[in-house]
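Hi there,

Here is the structure I promised to pass on to you. Have a look at it first, and then read my notes below.

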Amino acid sequence: MSSHISLVILSAAGTSRSEVTAESKDPYTRREAHPVCRRSASAPSLTRALSAAVVLALLVFAPAISASAASSASGDVVLRALREEMERSKAKLKMDDVPAPYYIEYRVTELDQFEASAVFGALRNQQRNRGRLLRVVVRVGDYKQDSFYGSGEGTLDLVPSDDDVFAIRHRIWLATDRAYKAASEALSAKQAALKQLKVDEPVDDFAKALPVEAVEPLARLSSTDFTSWIHLLEEASAQYRTDKDLENFESSLRFTVENRYFLNSEGTIARSGHAHYVISIAGSTQASDGMLLQRSHADQGNDLKELPTREAFLKTTARILETLKLLRDAPVVDEEYRGPVLFSNDAAATVVTELIEPNVLGRKPQLGENARTTGKWSSSYKSRVLPDFINVFDDPSISTLSGEPLFGNYTLDDEGVKAQRVSLIEKGQLVSYLIGRQPIRGFPASNGHGRAAATAAPAPHPGNLVLQSTDPQPDAGLKAKLIELCKNRELPYGLYVETMGPRLEPRLLYRVYTKDGHEELVRGGVFGDLDVRSLRSDLVAAGTKPAVEDRSEPVWFSVASPALLFDELEIKRSQATKQKLPEYPPPTLGAAANQP
Amino acid sequence: MAPKGAAFFVSPAPVHSRFRMNYIKAVFLPALLVLVALLGQIALLHAQKSPAATDDVLLATMEKELHRGQAELARQDPAPYFTSYNVTDGESLFIIGAQGGILSSSRARHRSADVSMRIGAPALDNTHDQERFSGITSGQLPQRDDPDAIARVLWHLTYEQYRKARQAYTNVKTKTAVRAKDEDDSPDFSQEKPSTYLEKTSPAAFPEQTAWEELARRYSASFRQFPEIEESMVFLTAVRSHSYLVSTEGTKIVTADAVFRLVIQAETRADDGMQLMRVETFQSSDPTKFPAEAEVATKVKKMASDLSALRAAPLAEPYSGPALLSGRAAAVFFHEVLGHRVEGQRQRGRDEGQTFTKKVNEKILPEFLSVADDPTLRTLAGTELSGFYRYDDEGVPAARVEVVQDGILKNFLMGRLPVKNFTNSNGHGRAQAGLMPVGRQGNLIVTSSKTIPDAQLRSRFIEEIKKQGKPYGLYFEDIQGGFTLTTRDLPQAFQVLPVMVWRVFADGRPDELVRGVDIVGTPLTVLTQIAATGDTTSVFNGICGAESGSVPVSAAAPAMLFPDMEVQKRKYGDARPPILPPPPGAMDDKGGAR
């Protein structure tokens, strides 16, 4: 057979040819598409989001970064290279017939990441990626109207991971040149497009911001010997042996350190370091009717020390296995249920993440659209969007909430603006949005929420988004309250959601019987009407203790919520999860002699 | 079958950018992504145990699970009539350097599996026509030799592939019932004798990552002394793998491969915005045979001086007249113009242009030219050939195919997809991991019985220019690659991408370098016009892309004289050269901070 050289050359000709390469070849990671990471004890699902893979793919990298370089700001070669190119570009970058840039921004993301996964007890992959990604934005025009449009939104490049000033500057130089040329074309294109559109109340393209200097310490991976972790992945995923009906069982980890540099021509210089460690277990099985059942759990921390011990992780694994078995034998939900539903704090955190987070982002709508933002609450400013006992705020300055660690902590955002606590919803009324430096109507300045993945332009994202009740109910009493609501409506049972999966589908869902309060696990339920409207109209009570959901896509952020009780939601039978059972049984297991 | 508008191309570099200098956005990042996607779930560090050919857990597990699946699925209706497992188990090292710094460096271990399955009968199965891609499902296997885990993943891939094939077979039956009969009603799968081959090789030496990083630093730093070169990159690639294939027909093959490649690429721009590029490639199956540093330094210097000369060179004008192609240029020309059109599957299918389908036993070249594709050749003219392999990706032994004998078309490059009058594979069914093999080139070799010494060929060329009353002819010294279109709904065109083209004047003035030349034309007319060839064979090693992915290929030919070649002006961007000069400090001991 011929050797398979693993590089495809993309046809430079731009002619279409069969696209053959980009699709994931791994059937085991396809199914989950929910970039959720969660920590609370009963819950979860970690998934590798595609865009993360993309970023990492750009950074397949391994040579050592010299350790001495970055310990102090003055000896930081990346910082020096960025400063020197910034000075030069500010002073001299100018084409004939094109205005000089009024704003230049450099962002370097230095990534060091170790990833590994094991399936059915055997290592499938392990990978260490290191690299430095550069993003350059050059703006021509002025704050009112500039070139930030299409190709003018920035250029991307890799810069060397060696601390070599010239080699780094060389790539910054070329990227800046490309960004400036793209900006001048983008401005013309934008002006041409605007001529076709009627804009009622023009909003500035870019907000002014004060220059800041904040050079924080760099972060480093707290260990580089991952052997024991790989063994743990293999040991955990080897537990599939106890259940012959598992379709998939795998365990994975991702340890990430990100150091970010940010400089702009206004004088802002920022450097910060963050670390994130996550280990997860995921399994799936099919019920006898073919319904696909999935469970997963992730544990994470800002330090390796915050990850669970081997024993704790194996215990979690056992619990995942156990719930998969229970689910397989659980009855399917009734054809239709309409009535009270109680979400555990853990499940509620998912609901808040899915339904509230996207709608409090102050994103500028497309050119020519007159809406205030792009979310469902774009015309809800100063209106009631939630019940009057609910407050929601975002606070990037906190790193724990009720003892739970949060991952959306930062000092400056990715546009160099100081992070601010923003009160978003007060007594149910929407009073603000999360804003970066791209203003929206009525919000001319950033509130420190311009955040970005390494490859993307900054946009509003939360840091730590917290939902709280002004009338917190004791958590222990919420099930009684659920039963009471059901009794009032003469329902034999209410529903309790312990954890949620992707697409707002419940993973662990229980009937709570009104007559004696006993709980029964059911499977195959999906919500008919869980949306922002139901949050406003059907939410009747909230608990006390928050659970935190952490997401790593597109930026790290956390969302906290107490348990939530709805007086009416519809749950129906899922049609989507039915699959055929395998045409033939799995291979029989050999002796476990070759286990690690 | 080729998708609509399929283009095929060959390039010497792992990264090929012609129309945009902005490699990072246009090519480089996608290429890296693709690399990563292909390596899939990569691993690095130590390969625990180098993959051995025989009595290994992987091979035993593959066989056992294949046969278990076959027995189990035989009870299904419809049952598959063919199943195979291909596994590529290898490691790779990929390093990119620029200006003395490492942009990317990864060491990976990969073990990827392709499960192929056919339902129906060889005459008509699930892979018919547009459903061809239903023949294969891919995934990543565990790297650790755990038979239970490997078997489970294979099981999963197998029943998923069964479902895919079954659905496709239903579609095929429906479509066949309602559509007009195909002109070529050849079967979908050829009958071949099973092969057994277990290659026992001690694995090729594998370079140390840190040592190669240092090489990438040094080689890429040598461009620091040429500030007029805008972008330059050095790519170092090492791949060593074992390929396993077992099928329900009884084929069982293990082969070992290793390839080590150094590609140096440099680009600049003329003042009018035209992008100019030079690429140098060194390739070997033995990393210790890499060129000495002095040799690399000389090449770098030559690339820099070529680019400086190209920057200053006048633009080519549209031209029709005598042209002389160097051996390398002629080799790429044949790969594009002839090679892709004699791939078997292009002779059937409603979308194919079928240039040569009905020309078998007809004259398509001057009688002094013959063309063979011979993947069994390891070296030619002292050069290692990229297109060498022992068995193709369908497990058929590689074989020399006489495509054109004395100008007469004789044969096509066949995988296991038959075409009218060509019922069997000749060992050219090739694909990159994860894709369905089709007939592809290996080592395409053009030979001539009418050679004249290379020096005399030039005089012949000048005579021809004078005879036609032209002021000059064009000499194509080097070519960076090309592409071709073979489908019906697009022009049957080809282009090769010349980089070093000279005007050779009738009046004896010194040759003049020109830039921005593209050869254009239609295949049938151009080929018949070749007037004479030189006496030295040159080899072009490259990577060829088509519907079954990227495969390494070689093309070899002597220099050739074309009495009438048509060239056009190359389209080019209008982006100016960089506004600011490069940053200072290029020669301060690599920046001073290390």
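**Two domains in chain B**

The C-alpha centres of domain 1 of chain B and domain 2 of chain B are 25 Å apart. The domain assignment puts domain 1 of chain B at 40–312 and domain 2 of chain B at 319–569; such bounds come from an automatic or database domain assignment. Their contact takes 38 residues from domain 1 of chain B and 30 residues from domain 2 of chain B (two residues are in contact if their C-beta atoms, placed from the backbone, lie within 7 Å).

Before we go on: this is a predicted model, where local features need pLDDT of at least 70, side-chain atom pairs count only at pLDDT 80 or more, and totals for chains, interfaces and linings use all residues. Residues are numbered from 1 along each chain as its sequence is written, while chains are lettered from A and ligands numbered from 1 in the order in which they are written.

**Two helices in chain A**

Now find helix H5 (residues 227–237) and helix H6 (residues 310–329) of chain A: their axes come within 10 Å and cross at roughly 30°. (Axes are lines fitted to C-alpha atoms, for helices over the stretch in contact, and angles run from 0 to 180 degrees between N-to-C directions; helices are DSSP runs of H or I with at least four residues, numbered from the N terminus.) H5(A) and H6(A) are therefore roughly parallel to each other, a label for angles under 35 degrees. Where they meet, Leu232(A), Glu235(A) and Ala236(A) in H5(A) touch Arg310(A), Phe313(A), Leu314(A) and Thr317(A) in H6(A).

Enjoy exploring!

Terms used: Parallel < 35°, antiparallel > 145°, perpendicular 65-115°, else oblique.
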